[in-house]
Every structure is written in structure tokens, then in C-alpha cells.
Amino acid sequence: MTGSNQCRAFAPGSIGNLACGFDVLGLALGGPGDEVSARLSSEPGVRITNIQGDGGRLPLSVAANTAGTAAQAVLDEVGAPDGVEMELKKGLPLAAGMGGSAASAVAAAVAVDHLLGNRLPKEVLLRCAMAGEAVASGETHPDNVAPSLLGGLVLVPVWDPLRAIELEVPRELTAVHVHPQVEVETGWAREILGGQVPLTDAVAQWGNTAALVAGLFREDWEIIARSVEDRIAEPHRAEAVPGFSHVKEAALGAGALAASLSGSGPSLFALCRGEETAKRVGESMVQAFREAADLQANLVISPGRAPGARILDP
Ligand code: HSE
């Protein structure tokens, strides 16, 4: 697509939760992401004309598609009389714990807002993209959408109105993301959590979240390492990931500061100090998936300050 009434937007994958920040904290991943090509149309509403890279699994129906719903939310916010036709190119796998449904929603929201003159502030775009992502997981949660939109590490407290807080990240912080060839549906992974958390676990979790923010701000690697711990979701979800404990041990044994599930899994992430350590950690995690669970896994090494969504052209 070319021309002034058309554009193409990219949004990266992300690591949801970052262990202790269930539903409120997420980190953008450098590398893979989803693309949306959008074109203004005189026919009101959104139409998805093509989806590539999903193996035919995602719906073209706007209301059932994260990108379609986000695009419609932007049209509604702006109150534009125009409509939009769009194509989605999935660079991220489905049900992978890479923030794929969020990336599609963000790319669509950014593309449509760009076509309409970049009128929406970031928090409104975030809300539109969250409405899109809710289609996939059954609930709104900003921890993938926010870093995919803004890049880096983002905290989104449960506030009304919504506010995204972009956090300091030490220059050397490097993320490792390892995606094994199995799928975990986020909706299911949320259901198994139950909805009740023992007070002792809640106290530990909010203490860790606060400590992580302080550790990142101070560049205190010991505090970072100790605070990336998930007492709420990981104990319920780890069983769904074959080889989980071996892969986590492999990461820590190879020098990671910490490791946990990425979002609702099946992927794991690790945080490392420096790229060399991250490469060693990533290779150990891939090997552990192979040896412990006979699973092939894909590896992404990402800077802690990876960029967020952007317009690719025109
Ligand atoms: N915060 C979400 C969850 C992330 O853990 O359910 C899903 O990718």
C-alpha cells in the first residue's frame, strides 16, 4: 500500500507481568512483531481484508479480531466519518506468551490514528488497544499493550483514568525470551488462577514489584534479581509448560538475574546483565527445553530499552 491515505504500522512483542507485576508491568521485546497496513475508505467502519502468518486461524470478523476491535475503537474515539480497510501480517506466533494479540491491536490502533492525523494521546490509544486485546483474553490487561505501544518497561497501575508510567531501565539490562513450540491460551491461563490470593502472597508480590522499580532506578542488580519473583501466577501456570523448572534452573545456572513465565506462558523470559550473559543464558534455556521436554524453542535476545510501535511507511 502506498499513498497519503494509507500507511503501515509495526508493533513489537512483549513480556507481560515481568513476574512480580501481574497485569500491571510489561517489557517491550526487540525483534519480532505484527504489522497492520491500513487504508482510509469512504465506507464507515472497519474491514479486515487479509491476514497473513496465522495459518488461517484468526477471524476476519472485526468484533472477533484484536486488531479490528482496536481499529474500531480508534474510529469511535475520533468520531471520524471515515472507514478503514486493513491487512494484518502476524510476525508473532499465537498463544505464545509474546504479547501477539496485543501487538496486533497496537499496530491497528497506531495505523488508524496515524491515518486520522495522530489525534489521540497515548493513554487513549492504550485504551483502544486494550479493548482490542480483551477480545483474545476475555479481560482487559495493559501489561502487553503498553510496552508494545510505548517501548521499554511500562507500569500501568489500576487507575481511572488510565496512566502509563514509562520506567527507568539500566542500559545493560538485557532480556532473554524463549518460546517453546507449544501453546497456552491466555483465557484459560487466567481462569485457572481462581481469583483469590492469600494475603501473604499478595504482600510478597507488591513488595517485589515496588522493589523491582527501586532496583531498576538505582541500577542495583541484587535488588533486581531478588524482586523478579512471581508468587501469584507462576505456581498455577508452570505445570502447563513441559520442562519449566529445568529451563528456569538452566537460566539461573547460566548467570541470569532471574527467570519466570512470559505473560501466561508457555514462553519463559530471563533478565540478564549484559548481552554476552544473555546469549549464554538463552542458549542454555533452549537446550534445556530440548533435553527436558523434547521441545524446539525460539530465542530472542532484546535490549531492556527496546522501541515500541512505529509507522513504517509512507
Ligand atoms: N497479564 C496477563 C496474564 C498477560 O498474565 O494473564 C497475558 O499475556
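Mentor: Domain 1 and domain 2 together bury about 2,300 Å², and 62% of that area lies on carbon and sulfur atoms. The size of an interface is often given in this way, as the accessible area lost when the parts come together. The model is a predicted one. In the domain assignment of the protein chain, domain 1 covers residues 6–166 and domain 2 covers residues 173–303. Their centres, taken over C-alpha atoms, are 24 Å apart. To the contact, domain 1 gives 27 residues and domain 2 gives 34 residues. Three salt bridges are counted between domain 1 and domain 2. As for salt bridges by residue, the side chains of E139 and R190 form one, with 2.7 Å from N to O.

Now the helices. Helix α1 spans residues 66–78 and helix α3 spans residues 122–137. Their axes come within 7 Å of each other and cross at roughly 145°. The crossing of α1 past α3 is right-handed. On the α1 side, the residues in contact are T66, T69, A70, A73, V74 and E77. They meet a set from α3 made up of V124, L125, R127, C128, A129, A131, G132, E133, V135 and A136. Sorted by type, the residues of this contact of α1 with α3 are 10 nonpolar, three polar and three charged.

Key. Residues are numbered from 1 along each chain as its sequence is written. This is a predicted model: local features need pLDDT of at least 70, side-chain atom pairs count only at pLDDT 80 or more; totals for chains, interfaces and linings use all residues. Side-chain values use heavy atoms; hydrogens and water are left out. Axes are lines fitted to C-alpha atoms, for helices over the stretch in contact, and angles run from 0 to 180 degrees between N-to-C directions. Helices (H or I, at least four residues) and strands (E, at least two) are DSSP runs, numbered from the N terminus. A crossing is left-handed if the near helix is turned anticlockwise from the far one by less than a right angle, and right-handed if clockwise. Contact means heavy atoms within 4.5 Å. Ala, Val, Leu, Ile, Met, Phe, Trp, Tyr, Cys and Pro count as nonpolar, Asp, Glu, Lys and Arg as charged, and the others, Gly among them, as polar. Domain bounds come from an automatic or database domain assignment. Buried area is the accessible area (1.4 Å probe) that two parts lose on being put together, summed over both. A salt bridge is a side-chain nitrogen of Lys or Arg within 4 Å of a carboxyl oxygen of Asp or Glu.
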